[in-house]
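Student: I've got a new model to go through. Can you set the terms before we look at any packing?

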Amino acid sequence: MKPAVLTGEHFFTGDVACAEGALAAGCRFFAGYPITPATEIAEHMASRLPGVGGTYIQMEDEIASMAAIVGASCAGAKSMTATSGPGFSLMMENLGLGICTETPCVVVNVQRAGPSTGLPTLGAQGDMMQARWGSHGHYEIIALAPASPQEIFYQTITAFNLSERYRVPVLVMTDEVVGHLSERVIIPEAGKIRTVSRVRAKGRKDRFKPFQPGPNGVPPMAVAGEGYGIHVTGLTHDEKGYPVMAPEAQAAMMERLVGKIRNNLDDIILTEAYRLEDADVAIVSYGVSARSSLAAVDEARAAGIKAGLLRLITVWPFPEARIRELAGRVKVFVTVELNLGQIHLEVERCAGGKAPAFLVGHAGGTVIPPESIIETLKDI
Amino acid sequence: MEKLKTRPEHPLEDLLRTDRIPHIWCSGCGIGTAFSSCLMAVKSSGLDPVKTVVVSGIGCSGRAAGYIKLDSYHTTHGRAIPFATGMKLANPDLNVIVFSGDGDLFAIGGNHFIHAARRNIDLTVICVNNLNYGMTGGQAAATTPRRAKTTTSPMGNPETPFNLPLLAYASGASYVARWTILHTRDLTKSIEEAFSRSGFSFIEVLAPCPTGYGRRNKQNPLQTLKLYQEKSVTRHGAHPSEIILDFDRGITLGKFVDQERPTFTECYEDTCRPPLSLVKE
């Protein structure tokens with residue numbers, strides 16, 4: 001049997017690298033529903049999970065898939081699902097359940113062009129705001145945007161680690177291009193991969209309060225079958241987990257749900273800077289578009305434009321402080337993304353008028369070539 | 001005197017979150033009776049309470065999860081079954097009970113129900129059928145009888161309701177029964193029996209909803225119970241396609257299906273995880 005961590009050098013698609021990252025992170029439950037371009041993740045999990053003591057189940061739809069991974073996590077497993085736009089829409093309901101009940105799990109969205117059925121086989125980055133606000137109510141979420149198969153491997157592990165640490169569903173917002181791209185993926189030895197598991201409940205079982213926060217604002221978690229006799233609900237609840245229909249209870253719960261993310265931004269947010277030190281133009285990009293942006297930076301520099309790239313690895317929570325800091329020293333922001341302006345709006349907001357923000361966007365179905373970025377840079 | 005002090009306040013006190021009482025159920029509602037039967041069955045069946053989990057969806061019956069002193073999960077509308085599926089597969093040692101209502105399990109959650117039955121996931125699903133959406137004030141459901149009045153069928157229900165045991169049977173459930181809250185002994189025994197069976201067990205429990213359904217259909221709670229008494233006929237082993245639920249023609253009760261077949265977990269182990277000795281590198 002193959003081990004959970006496939007140490008070695010591989011030639012993997014992003015989708016397969018994602019599945020292998022999940023296994024290396026300790027994922028032992030996957031519920032999913034076939035959808036282009038994320039199907040390969042489910043296929044790979046279906047073949048790999050039984051051999052490492054895990055379980056794969058193909059559910060009747062994405063609503064059920066999301067419900068099942070939240071349930072599995074409540075029973076103690078690290079769990080994941082993977083989908084694309086139409087399925088992501090269906091998952092929004094139980095994503096909210098995961099947020100409200102503080103259940104760790106990972107949701108991968110291999111983005112394709114929408115709205116609706118859109119372009120199933122072609123990439124886009126049009127679900128970035130849905131990742132932020134797609135489920136009803138106000139909340140904070142963590143979303144990562146890997147740009148290569150190697151990075152998908154690592155970011156999927158990071159997604160599990162953050163999810164377990166903060167007891168929140170974490171979204172891996174990749175795209176069709178990266179998902180289907182084959183590249184070299186190096187998997188280190190199992191002992192060199194850092195994995196995090198949720199802080200578990202301890203102490204007197206009759207006095208345990210399942211939503212009483214620990215030092216970092218996150219409650220230790222009791223899972224089903226441990227004897228804590230916990231109650232968990234998607235209704236607004238108190239520290240005991242009991243429903244309380246009152247504005248005070250809502251305020252207290254929300255303050256903590258939002259606070260556990262907002263108060264730990266330095267631990268959560270990852271960005272990567274390239275030639276930004278002396279840049280006049282800060283390109284902000286993520287996922288596949290960051291690859292084009294990287295090429296554009298070097299070409300722009302060769303043409304005498306002092307460009308640099310801020311690559312967002314964590315897209316949500318948004319790296320506001322980083323943008324604000326850059327706004328004080330660059331002359332202009334250019335956001336490059338495969339939609340018609342989503343993260344661009346955030347960049348513009350955080351730039352706060354100190355530097356103008358431009359968009360190099362595309363409706364999806366192709367990648368943005370470096371030339372389009374250069375053209376814009378020359379125009380502004 | 002000492003003995004009096006230590007006497008439990010309620011025979012099911014050890015399984016109830018007494019700090020959550022009073023409950024939300026209306027006077028004359030049947031959910032509490034179905035709930036007690038479920039708790040009594042948990043006790044009498046000898047299930048390990050530590051390993052027993054209750055999952056429910058949204059609605060009046062869904063609130064049961066909040067009153068039971070076991071690990072209990074009150075999920076989203078219609079999604080109790082897929083949530084429970086994830087729990088059971090992640091930890092097969094758990095005894096997973098789904099306790100929810102007809103609107104939750106068969107309208108918004110209908111798709112999940114048939115697939116969990118088809119897969120024969122080892123769950124016990126108890127559906128309190130009060131023929132309408134009670135929590136939201138008495139709207140028509142997938143179980144509302146033809147011509148019955150509800151707030152959304154003010155002229156009478158134009159739709160035909162599901163025959164729930166037939167749906168469960170056709171979908172592959174390995175245990176199917178129907179009782180009413182008047183038949184508490186049979187119901188408790190049936191739930192206990194369902195716990196002892198592996199695979200997907202389904203028990204429909206008819207219960208009055210005087211506030212939502214009864215007052216619009218000229219049935220006070222006692223009249224509903226009287227109808228349960230007068231119109232019900234117990235026919236164990238009746239084919240689910242031949243059973244009826246009609247306040248004029250009759251109500252068929254009993255255990256209709258009791259045939260174990262391999263569960264999802266057994267099939268998964270057998271098919272996807274063959275013994276190591278058979279695996280070729």
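This is a predicted model: local features need pLDDT of at least 70, side-chain atom pairs count only at pLDDT 80 or more; totals for chains, interfaces and linings use all residues.

Student: OK. At what angle do H3(A) and H4(A) cross?

Tutor: Roughly 30°, with the axes coming within 7 Å. Axes are lines fitted to C-alpha atoms, for helices over the stretch in contact, and angles run from 0 to 180 degrees between N-to-C directions. H3(A) and H4(A) are therefore roughly parallel to each other. Helices here are DSSP runs of H or I with at least four residues, strands are runs of E with at least two, and both are numbered from the N terminus.

Student: Is the crossing left-handed or right-handed?

Tutor: H3(A) passes H4(A) in a right-handed crossing. The near helix is turned clockwise from the far one in that case; left-handed is anticlockwise by less than a right angle.

Student: Which residues of H3(A) meet H4(A)?

Tutor: Glu62(A), Ile63(A), Met66(A), Ala67(A) and Val70(A). Their partners in H4(A) include Leu90(A), Met91(A), Leu95(A) and Leu97(A). Contact requires C-beta atoms, placed from the backbone, to lie within 7 Å. By class, the H3(A)–H4(A) contact has eight nonpolar, three polar and two charged residues. Nonpolar covers Ala, Val, Leu, Ile, Met, Phe, Trp, Tyr, Cys and Pro; charged covers Asp, Glu, Lys and Arg; the others, Gly among them, are polar.

Student: On to the chain interface. How many residues come from each chain?

Tutor: Chain A gives 38 and chain B gives 34. On the chain A side, the elements with two or more residues are S2 (27-32), S3 (55-58), H3 (62-74), H4 (85-100) and S10 (231-233). H3(A) has the largest share, nine residues. This side of chain A has 24 nonpolar, eleven polar and three charged residues.

Student: What does S10(A) pair with?

Tutor: S2(B), residues 71-74, in the parallel sense over three bridges. Pairing needs at least two DSSP bridges between the strands. Thr233(A) has His74(B) as its bridge partner.

Student: New topic. Which domains does chain A have?

Tutor: The assignment gives domain 1 (8-192) and domain 2 (273-379). Such bounds come from an automatic or database domain assignment. The two centres, taken over C-alpha atoms, are 26 Å apart.

Student: And how many residues of each are in contact?

Tutor: 25 residues of domain 1 touch 22 residues of domain 2 in chain A. S6 (119-123), H5 (128-133), S7 (142-144), S8 (169-175) and H7 (176-180) of chain A each supply at least two residues on the domain 1 side. H5(A) gives the most there, with four. That side divides into 17 nonpolar, five polar and three charged residues.

Student: What is the strand order in the open sheet of five strands?

Tutor: S11-S13-S12-S15-S16 in chain A, with mixed pairing. S11 (271-274) and S16 (357-361) of chain A each have a single partner strand, so one side of each has no neighbour in the sheet. The twist averages 20° from one strand to the next.

Student: How do S12(A) and S15(A) run?

Tutor: They run parallel, joined by five bridges. Val284(A) has Thr335(A) as its bridge partner in S15(A). H13(A), residues 370-379, packs on the sheet, touching S12, S13 (307-312), S15 and S16 of chain A. The direction of H13(A) makes about 155° with that of S16(A).

Student: Last pair. At what angle do H11(A) and H12(A) pack?

Tutor: About 55°, with axes 8 Å apart. H11(A) and H12(A) are therefore oblique to each other. The crossing is right-handed. Glu320(A), Ile323(A), Arg324(A) and Ala327(A) of H11(A) meet Val347(A), Cys350(A) and Ala351(A) of H12(A). Five of these residues are nonpolar, none polar and two charged.

Notes:
Residues are numbered from 1 along each chain as its sequence is written. Chains are lettered from A and ligands numbered from 1 in the order in which they are written. Two residues are in contact if their C-beta atoms, placed from the backbone, lie within 7 Å. Angles under 35 degrees count as roughly parallel, over 145 as roughly antiparallel, 65 to 115 as roughly perpendicular and the rest as oblique.
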